[in-house]
Amino acid sequence: MFKKGSPSDPSNYRPISLTCISCKLLESVIKESLLCHLLQHNIINKHQHGFLRRKSTATQLLECNLDWNIALNSRNSIDIIYLDYAKAFDSVVHQKLLAKLSCYGINGQLLTWIKSFLTGRTQYVIIAGSYSHTCCVISGVPQGSVLGPVLFIVFVNDICKVVCDGVTVKLFADDTKLYSVINTAADHDNLQSCLSAIYNWSAHWQLTLSPSKCSVLHVSPTQASNYRFCNYYVNDAVLPSVDCVTDLGVSYDNKLRCAPHIDKIVSRASLRSKLILNCFQSRNPSLLIRAFCTFVRPTLEYCSVVWSPGFKKDISRIEAVQRRFTKRLAGLRNMPYCDRLNYLNLDSLTNRRVKSDLLMCYKILHGYVDVDISSFFARVTGGVTRGNDMKLYKSRLYSVRDGNFFCNRVINVWNSLPSDVVNASSVGIFKRRLRCFRLPEYH
């Protein structure tokens, strides 16, 4: 499967294991049992967010942005180091993985089955009907399998133990980043020592770091005039400093502004919208809207709880993608945008982002996602009689950036919801009741 980069470079392709349905079913059973054991005994590190229930890219990015926002509000600077492993899933040494599983209490027939599952595999490549020679797979967890991601999580689980106090490591499978508040030279040295410890850990477990693909983002408030950028090293190679990064699909700059992400998604969504209108022979509005909702809207809404815009110009740019698309549908050109949305039974993209914020807020407060509730929200206590009975306290805002952060921007609209909505017994019921509640219209 092609990953990224040049299609003519063989190193940009990843092998996908082809396993039968009965194997996948058995993998699912073993995966459930394995995860139950690991989570029940708190073996999986809390900073790992990949391929786990109640965790996702959104939960990891929200936790990171919360830490960074607190640091910036305190006029502190942060250095964030993004690490890149070369072919991490394919580099797992089977014997070392089995040893870790044994240490975590996986023994007997289950460990024997996993060993049989990993070993004795072969692979070959087909190009234009020509077959390569068959070779043995001597390392790696099978990509494309049900069990492979869980086994990889187990393999990298102890990476956080090599990091000292004051430095935070966040994981999403093999995507690793570490960050720390930097006020003094000692803080920089502490982060560098943690980076060196991770390099040594990686070398011991035979995972290869790619210094040229790693990067450092220096984030500092405007008031931090005494902050000096420092270099970081991996095996004597200087890690490149960047002004903008893409972190789990969300781009932001060294002021934690998401303008680069908005530019990227608006450009990509506009191109896809044009392709739909130009490539589909049918002019049926219902069919075209279904294609838009399938291929375009997810691009504009991925992880919106992390980057939702606060400036009108950015809100208008995103909304313009849907505005232009609906205007080109047959018979709707001269109809106002609000009327087009009503006719097509669509919400504005801004309203959908508000509902996404409310849904994440509901999941956090009711424990449907695994994050620390007290870090994000504080319940209003005392003799409050107006509004719902799950009203949230709104703390002091330090900046426009702080006011637009998820746990601050969602509070006003959450507090305006009726009690029967916020106390819904399930996510599905919450969504249905939220649809019946009339939110302020944004176009």
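Glu 301 is in contact, here meaning heavy atoms within 4.5 Å, with Trp 307, Leu 349 and Arg 352 when residues up to four places away in sequence are not counted. The residue belongs to helix H9, which spans residues 297–301; helices (H or I, at least four residues) and strands (E, at least two) are DSSP runs numbered from the N terminus. The C-alpha atoms of Glu 301 and Leu 349 are separated by 8.2 Å, although the two residues are 48 places apart along the chain. The structure is a predicted model, in which local features need pLDDT of at least 70 and side-chain atom pairs count only at pLDDT 80 or more, whereas totals for chains, interfaces and linings use all residues. Residues are numbered from 1 along each chain as its sequence is written, and side-chain values use heavy atoms, with hydrogens and water left out.

Salt bridges, defined as a side-chain nitrogen of Lys or Arg within 4 Å of a carboxyl oxygen of Asp or Glu, number 10 in a search of the whole structure. One of them joins the side chains of Glu 63 and Lys 170, with an N to O distance of 2.7 Å. Because Glu 63 lies in helix H2 (residues 57–73) and Lys 170 in strand S6, this pair ties together parts that are 107 residues apart in sequence. Glu 63 counts as buried at 14% relative accessibility, and Lys 170 counts as buried at 4%, where buried means under 20% relative accessible area, exposed over 50%, and partly exposed in between (1.4 Å probe, protein chains only).

A further salt bridge is formed by the side chains of Lys 177 and Asp 247, at 3.0 Å from N to O. This pair links distant parts of the chain, with Lys 177 in strand S7 and Asp 247 in strand S12 (residues 244–247), 70 residues apart. Lys 177 is buried, with a relative accessible area of 2%, and Asp 247 is likewise classed as buried, at 4% relative accessibility. In the salt bridge between Arg 317 and Asp 263, the closest N and O atoms are 2.7 Å apart. Since Arg 317 is placed in helix H11 (residues 312–327) and Asp 263 in helix H7 (residues 259–279), the pair ties together parts that are 54 residues apart in sequence. Arg 317 counts as partly exposed at 33% relative accessibility, as does Asp 263 at 38%.

Asp 174, found in the loop between strand S6 (168–172) and strand S7 (175–182), is buried yet has no salt bridge. The nearest side chain of opposite charge is that of Lys 3, 5.3 Å away, with Lys and Arg counted as positive, Asp and Glu as negative, and His and the chain ends not counted. Leaving aside neighbours within four places in sequence, Asp 174 is in contact with Tyr 85, Ala 88, Phe 89 and Phe 152.

Aromatic pairs, for which the ring centres of Phe, Tyr and Trp (its six-membered ring) must lie within 6.5 Å, are classed as stacked if the planes are under 30 degrees apart, edge-to-face if over 60, and tilted otherwise. A search of the whole structure finds 14 such pairs. The rings of Tyr 362 and Phe 430 have centres 4.4 Å apart and planes at 15°, so this pair is stacked. With Tyr 362 in helix H13 (residues 349–365) and Phe 430 in helix H19 (residues 427–436), the pair ties together parts that are 68 residues apart in sequence. Tyr 362 is buried at 0% relative accessibility, and Phe 430 is also buried, at 0%. One aromatic cluster is formed by Tyr 362, Tyr 368, Trp 414 and Phe 430.

Charged side chains are also placed over aromatic rings, a relation that requires NZ of Lys or CZ of Arg to be within 6 Å of the ring centre and within 35 degrees of the ring normal. Lys 100 lies over the face of Phe 155, at 4.7 Å from the ring centre, and Arg 323 lies over the face of Tyr 337, at 4.4 Å from the ring centre.

The structure holds 0 disulfides, a disulfide being a pair of cysteine sulfur atoms within 2.5 Å. For Cys 279, the nearest cysteine sulfur is that of Cys 293, 18 Å away, and Cys 279 counts as exposed at 55% relative accessibility. For Cys 407, the nearest cysteine sulfur is that of Cys 361, 9.5 Å away, and Cys 407 is buried, with a relative accessible area of 7%.
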